[in-house]
Amino acid sequence: MKKILHCADVHLSAGEKDYSLGVLKEIVDTANTEKADFLLFAGDTFDSFDDYESLKGDFSRTIKQAHSECSVLFMTGNHENLGRKNKSLSAQELGISQDCFFDSTTAPFLLHSSGGLEFLVVSHRDDYTGYVDWSVPAKQTKYRICVAHTTIPELVYTGSDDGEASAGVMDPDLFSRFSVDYAALGHIHSERETQYGSVKIVYPGSPRVWRKNEDGVRSVRLVELGESVTVTKKEISSAGQFRYFNVNLSLEGTPDADISQHAKNFNSSDWIWVELAGLIEDRQT
């Protein structure tokens, strides 16, 4: 059996360095606890190219804590290209083997074989329509994993989703055409998954709270490849949660809810958003 820890959209940020790196460390710790053979970053690991330049050393030191049998696979997303211009990302600076580093500025796809698995890495781009002409070799292993940072229409409203910039739409026929068994996706910050024929398509969601409305437990996915494909959610507790409260006010300005009762379940990493609504007699109340 092979195990992959699938994460995406970590959005490491120099402005939230301690929080970001705390989430990253827990991801690595989870890979160690689960004895994962691969730790897969499916795009937008850094919030921008400037964040990459600021945090690449911290990233390298953190992933080097992964156990010796765990291979780290890294692909760039759209956020690594923000402010990048003509500059380069370096596998060496990230502490990643060059053959496990996949940059979206290169070929439309790369096929990487490791540990008895094949990884079909599809670069993030605005237009995927030419995939029918790609010369992808026939599958040589039991399982082929497609890694992409993209939008799948069956799972995502393609206009504007999660506040994220629009992305090229990928036809899930690509997975069937190229004999994919598991599609390890990134780009959408809420967790979503579906079955398309024999292909399991999964967005793990961002493992951190990055902005308003990203509610619920933050997590990554453990993918176990044995007789079949099994996917299990693994919580990232250090990320906290986005917690939203809508509190109505009486005419006297008295709230109709006591948020302090909920605060017993808060932790220091939670993002708390409280909206007050109502008409009151005296704005000085």
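Q: How many bridges join strand β3 to β4, and is the run parallel or antiparallel?
A: Two bridges join β3 (residues 71–75) to β4, and the strands run parallel. In β4, Phe 102 is the bridge partner of Met 75.

Q: Before we go on, what kind of model is this, and how are residues numbered?
A: This is a predicted model, where local features need pLDDT of at least 70, side-chain atom pairs count only at pLDDT 80 or more, and totals for chains, interfaces and linings use all residues. Residues are numbered from 1 along each chain as its sequence is written, and side-chain values use heavy atoms, with hydrogens and water left out.

Q: And what counts as a strand, a helix or a pairing here?
A: Helices (H or I, at least four residues) and strands (E, at least two) are DSSP runs, numbered from the N terminus. Two strands pair if DSSP finds at least two bridges between them.

Q: OK, which sheet do β3 and β4 sit in?
A: An open sheet of six strands, in the order β4-β3-β2-β1-β11-β12, with mixed pairing. Its edge strands are β4 (101–102) and β12 (229–235), each pairing on one side only.

Q: What does β1 pair with?
A: β1 is joined to β11 (residues 219–225) by five bridges, running antiparallel, and to β2 (residues 38–42) by four bridges, running parallel. On the β11 side, Ile 4 has Val 223 as its bridge partner. On the β2 side, Cys 7 is partnered by Phe 41.

Q: Why is β1 called largely enclosed?
A: Because five of the six residues of β1 (residues 2–7) are buried, the strand is largely enclosed by the rest of the structure. Buried means under 20% relative accessible area, exposed over 50%, and partly exposed in between (1.4 Å probe, protein chains only).

Q: What's the strand order in the sheet that holds β7 and β8?
A: That open sheet has six strands in the order β5-β6-β7-β8-β10-β9, and the pairing is mixed. β5 (109–114) and β9 (192–196) stand at the edges with a single partner strand each, so one side of each has no neighbour in the sheet. Neighbouring strands of this sheet are turned by 20° against each other on average, direction ignored. For the angles, axes are lines fitted to C-alpha atoms (for helices over the stretch in contact), and angles run from 0 to 180 degrees between N-to-C directions.

Q: And how do β7 and β8 pair?
A: β7 (residues 144–149) and β8 (residues 182–186) pair in the parallel sense over five bridges. Ile 145 stands opposite Tyr 182 in β8.

Q: Switching to charges: how many salt bridges are there?
A: There are 13 in the whole structure, taking a salt bridge as a side-chain nitrogen of Lys or Arg within 4 Å of a carboxyl oxygen of Asp or Glu.

Q: Which parts of the chain does the Lys 139 and Asp 181 pair link?
A: The side chains of Lys 139 and Asp 181 meet in a salt bridge at 3.0 Å, N to O. The pair links distant parts of the chain, 42 residues apart: Lys 139 is in the loop between β6 (117–122) and β7, and Asp 181 is in the loop between α4 (173–177) and β8. Lys 139 is partly exposed at 27% relative accessible area, whereas Asp 181 is buried at 15%.

Q: Last topic: how many cavities of 30 Å³ or more turn up?
A: Two, in a search of the whole structure. On a 1 Å grid over the protein atoms alone, a cavity is a set of points where a 1.4 Å probe fits but cannot get out, and lining residues have an atom within 4 Å of a point. Grid points are joined across faces, edges and corners, and a volume is the space filled by probe spheres set on the points.

Q: What lines the second largest cavity?
A: Its lining includes Met 75, Phe 102, Asp 103 and Val 121. By class there are six nonpolar, three polar and one charged residues. Here Ala, Val, Leu, Ile, Met, Phe, Trp, Tyr, Cys and Pro count as nonpolar, Asp, Glu, Lys and Arg as charged, and the others, Gly among them, as polar. β5 and β6 each supply at least two residues of this lining.

How values were computed:
1 Å grid on protein atoms, 1.4 Å probe; cavity = no way out; pocket = protein on both sides within 12 Å on 5 of 7 lines; lining within 4 Å.
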